[in-house]
Amino acid sequence: RPDVRRLYPSRYEVKPPCPHYKVCRGCDFQHLKYSRQLVEKRRWLEQALTTSKTPISLIERMRPSQPQYRYSNRLEWTMSEDEGEMIFGPPGIKAESWEAPASNCMLGPKAAARVLTVAWESFRELRRRDRVDFSVYNEKFGWGNFKSMVAHCAKGAHATHGGRRTEILLNIVLAEELPKSVLQPLADAIVRESPRCLVGIVANVARAKHALMGGRCEILLYGRRSVRHELPVKLPLVVEQEDGTKHVEKTFLLDVGAGTQPLAHGNLLPDVLNRMVGLCGISDSDTVWHLHCGSGEVALALGAVAQQVVAIGTTASEVAELKRNLSANGVDNTTSVLCNLKSPWTLKQLAFHVAQSQQKRLLLGTGEEQEKAREYA
């Protein structure tokens, strides 16, 4: 490696606001002024697009983030053990460098960091009594029970005083299934010390290396399985009778469970939905077939402007969350379907039903499955 030395500070350099910046892998640019961060991030993005042979002209501008700190709606801290010393924090953290309190993390809301800190202290207390059941997962050797803890945050509906209540769902990620009698004392200890914004605790078994998604077996330990997030959007709608476009303003209430992904940076989701619906040019007489529907954020937006939506999911967990979100918003023009989109037979049947609907065909999704569906259609 070349010998790189620091000669003098840059004029763009500032003191990082997060005390964990030098040892944590969560944020890369906190040592720069925010205006310079946008320049560097655009440079990284242009390099990635050039490598993938994507036209750089597709980038219109880099939009500044609002807010710049505590913007993430999901925090995952992993558990590890190094020579008998317990470590709990963002992935890749070292025990000797994690000096400041973990609740000072600048990535997510303060309440989320507080809940994770309380959960870790409760786990350590129970581990002193039972090191077998409350063992930390060792990735190298593949043994141990507890892998990480994930705090899912959401802003619920407006309260009577005008503010929006923060809700937090704690997801305890396990490597192996444990009986509820082992997990319940941990959940009870967390609830006693946590702030009132904690509305639910679940435990998921995730045998994959990256344990962010909801696992195969979800156990409800306290409260409910989801947090409620209020999402106001403004969607363009093509009106055929008037030969023009009007905008539909909607406010959706999303039930965010342990396996929900798009709300990690939920502040951008309304703009993404607006742009996506505008590019499709959907009218109020269209039937939209939405492949890989996820937990239903896009399906709700499509249902607000289209006559009928068929939302197709590939796993039981995402279809269950889709149905939960449809029910929470009183949507009656969306049909949920669970199927294997990698099956040629399924694609053939899907194309048949699309053709029989006698409406404009919109196969939303990317990849090989979409091309096969077009061939069959």
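**Exercise 1. Contacts along the chain**

Among contacts in the protein chain between residues at least 6 apart in sequence, find what percentage join residues at least 24 apart.

*Solution.* Begin with the term itself: a contact means heavy atoms within 4.5 Å. Of the contacts between residues at least 6 apart in sequence, 63% join residues at least 24 apart. The structure is a predicted model, in which local features need pLDDT of at least 70 and side-chain atom pairs count only at pLDDT 80 or more, while totals for chains, interfaces and linings use all residues. Residues are numbered from 1 along each chain as its sequence is written, and side-chain values use heavy atoms, with hydrogens and water left out.

**Exercise 2. The chain as a whole**

State how many helices and strands the protein chain has, and what percentage of its residues is buried.

*Solution.* Helices (H or I, at least four residues) and strands (E, at least two) are DSSP runs, numbered from the N terminus. By this rule the protein chain has eight helices and 12 strands. For the second part, a residue is buried under 20% relative accessible area, exposed over 50%, and partly exposed in between, with a 1.4 Å probe and protein chains only. Of the 377 residues in the protein chain, 42% are buried. The chain exposes about 21100 Å², and carbon and sulfur atoms supply 50% of that area; accessible areas come from the Shrake-Rupley method with a 1.4 Å probe, and for residues only the protein chains shown count as cover.

**Exercise 3. The length and the sides of helix α6**

*Solution.* Next, list the buried residues of α6, which are E318, V319, E321, L322, N325 and L326. The face of α6 turned away from the buried side carries the exposed residues A316, S317 and S327. Just after α6, G330 takes a positive phi of about 60°.

**Exercise 4. R324 and S226**

Which residues does R324 touch, not counting residues up to four places away in sequence, and is S226 buried or exposed?

*Solution.* R324 is in helix α6 and is partly exposed, with a relative accessible area of 26%. Leaving out residues up to four places away in sequence, R324 touches R225, S226, D255 and G257. R324 and L254 are 70 residues apart in sequence, yet 8.5 Å apart in space, C-alpha to C-alpha. Turning to S226, its place is in the loop between β6 (217–223) and β7 (227–239), and at 5% relative accessibility S226 counts as buried. With the sequence neighbours again left out up to four places away, S226 touches L169, V199, D255, V256, G257 and R324.

**Exercise 5. T334 and helix α5**

Find which side chain makes a polar contact with that of T334, and explain why helix α5 is largely enclosed.

*Solution.* T334 is in strand β11, residues 334–338, and counts as buried at 12% relative accessibility. A polar contact is a pair of N or O atoms within 3.5 Å; within protein, one must be able to donate a hydrogen and the other to accept it, and residues adjacent in sequence count only if both atoms are side-chain atoms. The side chains of T334 and N333 are joined by such a contact, of 3.5 Å. Not counting residues up to four places away in sequence, the residues that T334 touches include A299, G303 and L326. The buried residues of α5 are E297, A299, L300, A301, L302, G303 and V305. Because seven of the nine residues of α5 (residues 297–305) are buried, this helix is largely enclosed by the rest of the structure.
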